[in-house]
Amino acid sequence: MQLSQDVMTANPHAVFAAMRQQTAVAEIPLGDSGINGYLITRYEDAKRALTDPRLAKGPTNLIMPPEMVKAGLSKHMLSADAPEHSRLRKLVSLEFTPRRIEALRPRIQQISDDLIAAMAAKESADLVDDYAFPLPFQVICELIGVPMIDRDDFRSWSNILLDEFMVGTPESVAAAESMESYIQSLVARKRSEPDDALLSGLIQASDAGDKLDEDELTSLVFLLLVAGHETTVNLIGNAMFLLLQRPEVADSLRENPDLIPNAIEEFLRYESPVKTATLRMAVEEVEYGGVSIPAGNLVFIGLMSPNRDESVFPEPDAFDISRTEAAQHLAFGHGMHFCLGAPLARMEARIAIGGLLSAFPKLRFAAAESELAWRPGMLLRGLQHLPVQLS
Ligand code: HEM
């Protein structure tokens, strides 16, 4: 089955549903690269693929444009295979601890309250620009211990690098250069002026004498800054989009906030912030659902598609915050690359959505749904803007 970027952006669910029906592995055209892309569409296959060592991350660097494999941006755990992956994740986990994340709770509440107060001064707002983006971005900056300066620059570099698949344009080369030198200067500053935030801890972190080198630190900060906000902004934005479509569900969450945690799992399942896992390459021939993927080809493991697989989620296109199996979604991945930030993302989403619902009981769309645009590309699922009427 062929796949166009436009259809993927506008209505990926219909495309994925047709694919799941037809085949366990859909072919994806990758232009003139001579390499084929294969998308794994079904739940059990995707789960198995996410733990399959024959689908490796490292070799994808061989075919990526050079700006994507800059030493200072790509030497992180999400582009590493075992055993290097465990080494990097272990060093990071020494500092990225549940205690450090839990300690952020009051600060996240404060950031959410401040953003809500700023919006409350207006009649209308853009829930993406005014809330869903700044909240996780500020949280991840404070967690790492980097200043909020250059937020707009950072956001635009990050968007350029993530929205285009296998970029190689002058803009993406420039974005990668700027990103790398910006992060290198942050790391250098922390070396000379340590504090008690995460980055200073990571500079010191040592496992039996093993430490993160300079490129690994830069790459890790890049990964955390990008993964820490590009995804969570979509979770908060997509959740609010679903609730604006369903005022009665929003009301029931207002009346009974205890329902919010399971509702978040259903938001993650139903409108997954990440459409496909990051790229893997088949290092030997593999077979999924009777379809063979020859060695040397790229594999996209679906996350959004499996999350609507009817064999696991009955009536998958029905949005239901009381679904008992919602948390089985693959929105945070599975296996060794399972999202390191999942507890943080869940905490942010609970505070963000709960706060917004109780502050604005009359929240409604300020644009026709047909005017809302989704971000392009194979990787992310999120709205560009979400205009709302607040009162
Ligand atoms: C709703 C929000 C989020 C979603 C949906 C999400 C999704 C994911 C997914 C699907 C993966 C695995 C990708 C793969 O296997 O190719 C992943 C990995 C990762 N995520 Fe998240 N993420 C979110 C929030 C965060 C946050 C807030 C942080 C950091 C503070 C974070 C840090 C990471 C890191 C470091 C990895 C790599 C883990 C590894 O390779 O071992 N994520 N995330």
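C339 sits in the loop that runs between β10 and α17 (342-359), where helices (H or I, at least four residues) and strands (E, at least two) are DSSP runs numbered from the N terminus. The iron atom of the ligand gets a single donor from the protein, namely SG of C339 at 2.3 Å. Donors here are N, O and S atoms within 2.8 Å of the metal (3.2 Å for Na, K and Ca), and as water is not among the atoms, sites may look incomplete. The model is a predicted one, with local features needing pLDDT of at least 70 and side-chain atom pairs counted only at pLDDT 80 or more, while totals for chains, interfaces and linings use all residues. Residues are numbered from 1 along each chain as its sequence is written, and side-chain values use heavy atoms, with hydrogens and water left out.

Back to β10 itself. In this strand (residues 298-301), L298 and F300 point one way and V299 and I301 the other, and all are buried (under 20% relative accessible area, with exposed meaning over 50% and partly exposed in between; 1.4 Å probe, protein chains only). Strand β2 (residues 37-40) pairs with β10 in the parallel sense over 4 bridges, with I40 standing opposite I301. Strand β7 (residues 280-282) runs antiparallel to β10 and is joined to it by 2 bridges; there, M281 stands opposite L298. Pairing of two strands takes at least two DSSP bridges between them.

On to the aromatics. A search of the whole structure turns up 11 aromatic pairs, meaning Phe, Tyr and Trp rings (the six-membered one for Trp) with centres within 6.5 Å; planes under 30 degrees apart count as stacked, over 60 as edge-to-face and the rest as tilted. F133 and F137 make a stacked pair, because their ring centres are 5.2 Å apart and their planes are at 25°. F133 counts as buried at 4% relative accessibility, and F137 does too at 2%. W157 and Y182 pair edge-to-face, at 5.8 Å centre to centre and 65° between the planes. This pair links distant parts of the chain, with W157 in helix α10 (residues 151-163) and Y182 in helix α11 (residues 170-192), 25 residues apart. Both partners are tucked away: W157 is buried with a relative accessible area of 13%, and Y182 is buried with 10%. Together with F154, the residues F133, F137, W157 and Y182 form one aromatic cluster.

Some rings also have a charge over them (NZ of Lys or CZ of Arg within 6 Å of the ring centre and within 35 degrees of the ring normal). R269 lies over the face of F313, 5.2 Å from the ring centre, and R308 over that of Y270, at 3.8 Å.

As for nonpolar cores (sets of buried Ala, Val, Leu, Ile, Met, Phe, Trp, Tyr and Cys residues joined through side-chain atoms within 4.5 Å), the largest has 117 residues, and Y131, F267 and L386 have the most contacts inside it. Helix α17 gives the most to this core, with 10 residues. Setting aside neighbours within four places in sequence, F267 is in contact (heavy atoms within 4.5 Å) with L235, A239, L242, L243, L253, S272, F319 and I353. A second, separate core of 16 residues includes V15, L30, L279 and M378.

Finally, D52 is found in the loop between α3 (43-49) and β3 (55-56), and at 9% relative accessibility D52 counts as buried. Not counting residues up to four places away in sequence, D52 touches V286 and Y288. The C-alpha atoms of D52 and V286 are separated by 9.4 Å, although the two are 234 residues apart along the chain.
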